[in-house]
Amino acid sequence: MDSKEFDLSSSPFSDRWWSKNTVAIVTGANKGIGFALVRKLAQSELTVILTARDEARGLQAVQTLRNEGLHVLFRRLDVSDPLSINAFAAWFATNFQALDILVNNAAVSFNDIYQNSVENAETVMKTNFYGAKLLTEALLPYFRSSASKSRILNITSRLGTVDKVRNMKVKKILESEDVGEEDIEGVVKAFLEDVKRGTWKKAGWPALWTDYAVSKLALNAYTRVLAKRYGEFGSVSVNSFCPGFTQTSMTRGKGTHTAADAALVGARLAMLPPHRLPTGQFFFWGPNYDIPRNSKL
Ligand SMILES: NC(=O)c1ccc[n+]([C@@H]2O[C@H](COP(=O)([O-])OP(=O)(O)OC[C@H]3O[C@@H](n4cnc5c(N)ncnc54)[C@H](OP(=O)(O)O)[C@@H]3O)[C@@H](O)[C@H]2O)c1
């Protein structure tokens, strides 16, 4: 996948292509970057559906945004549960005509910054990779079909880029132009088998936050597969975005910038005008950008 540092200096918002009928879904949005993304998108007056696995936490987050005068809808969605995904997709189909933006943000990591346990590897894969993949598949029929107006933004991580893999066989599979969904699932299965066998440390998987990194590696590869399926001028654009080291629960509050900073960049990417919207790209937020604190989309 091509990777690009996202340039904030040129605002993509000179062309306002969206309206209040433009519909966006953000997963795992009761806190952190997802919550901040919903706020940014709602400030731009799109119709935003905040989703969360826990109803009470989700409703509380929605209330916070409504108290700020923002119009935000809520629906419960546990991305690690296929039944919850199907119920959500059915609700969406009943209540909306089309989907414009899907931000696959929900994720888990069970490690502290310098820990590397793989005890919860299955849950990490089920949430971070399969959750995003299954939800995307369930919602694909509802994406608006006008060229490149629909977009999927997968929130991933630089921990999950192919250069972190030291296993040459896995690297070759993931770097192949022809990588397919079965190949990616094969990689995830091979990792989980290594975890079960206790061989994961010497098998050449990414060295930091290994289970999380493999889940993001898989999601980055899936981004490429989907982007290829729709093509450069297709109806859906699919990109990955690493928000950088951000102060959220996932990092136990550590990081170089806030969730609001990361969300500003993410929202700009999600809302690029159709003529500037690429596909199959991995964007990351570089350390050199000075985020304008009061910047509006
Ligand atoms: N923070 C960083 O430095 C950093 C760096 C690179 C990438 N990222 C990525 O950025 C995204 C947002 O992370 P964050 O830093 O904002 O972390 P966070 O504050 O821990 O937020 C994660 C969100 O995902 C939700 N979630 C977890 N499992 C879920 C499930 N099964 N179904 C639905 N929602 C679920 C959490 O809900 P609960 O409150 O119910 O747990 C929470 O709302 C993630 O994809 C993460 O991998 C973060």
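Of the 33 residues around the ligand, the ones that come nearest are Gly28, Gly32, Ala106, Ala107 and Thr248. Keep in mind that this is a predicted model. The protein chain has eight helices and 10 strands. Its radius of gyration is 18 Å, close to the 19 Å that the globule rule gives for 297 residues, so the chain is as compact as a globular protein of that length.

**Around the ligand**
- Helix α1 gives the most to the shell, with three residues.

**Overall build**
- Taken along the principal axes, the C-alpha atoms of the protein chain fill a box of roughly 50 × 40 × 40 Å.
- Buried residues make up 46% of the 297 in the chain.
- If you look at contacts with a separation of 6 or more, 75% of them come from residues 24 or more positions apart.

**The nonpolar core**
- As background, nonpolar side chains in soluble globular proteins tend to be buried together.
- Here, the largest nonpolar core has 83 residues.
- Which residues have the most contacts inside this core? They are Ala24, Leu37, Val38, Val48, Leu50 and Val103.
- Helix α7 (residues 210-230) gives the most to this core, with 10 residues.
- Val38 is a handy one to click on: leaving out residues up to four places away in sequence, Val38 touches Val26, Ala29, Val48, Leu50, Leu65 and Val72.

- Is strand β7 (residues 236-242) mostly covered or mostly open? It's mostly covered, with seven of its seven residues buried.
- That goes for both faces of β7: Val236, Val238, Ser240 and Cys242 are buried on one side, and Ser237, Asn239 and Phe241 are buried on the other.
- Strand β6 (residues 150-155) pairs with β7 in the parallel sense, over six bridges.

Notes:
Residues are numbered from 1 along each chain as its sequence is written. This is a predicted model: local features need pLDDT of at least 70, side-chain atom pairs count only at pLDDT 80 or more; totals for chains, interfaces and linings use all residues. Helices (H or I, at least four residues) and strands (E, at least two) are DSSP runs, numbered from the N terminus. The radius of gyration is taken over C-alpha atoms; the globule rule is 2.2 Å times the number of residues to the power 0.38. A residue is buried if 20 or more other C-beta atoms lie within 10 Å of its own, exposed if 12 or fewer, and partly exposed in between; C-beta atoms are placed from the backbone. Two residues are in contact if their C-beta atoms, placed from the backbone, lie within 7 Å. A residue is near a molecule or strand if its C-beta atom, placed from the backbone, lies within 6 Å of it. A nonpolar core is a set of buried Ala, Val, Leu, Ile, Met, Phe, Trp, Tyr and Cys residues joined through C-beta atoms within 7 Å. Two strands pair if DSSP finds at least two bridges between them.
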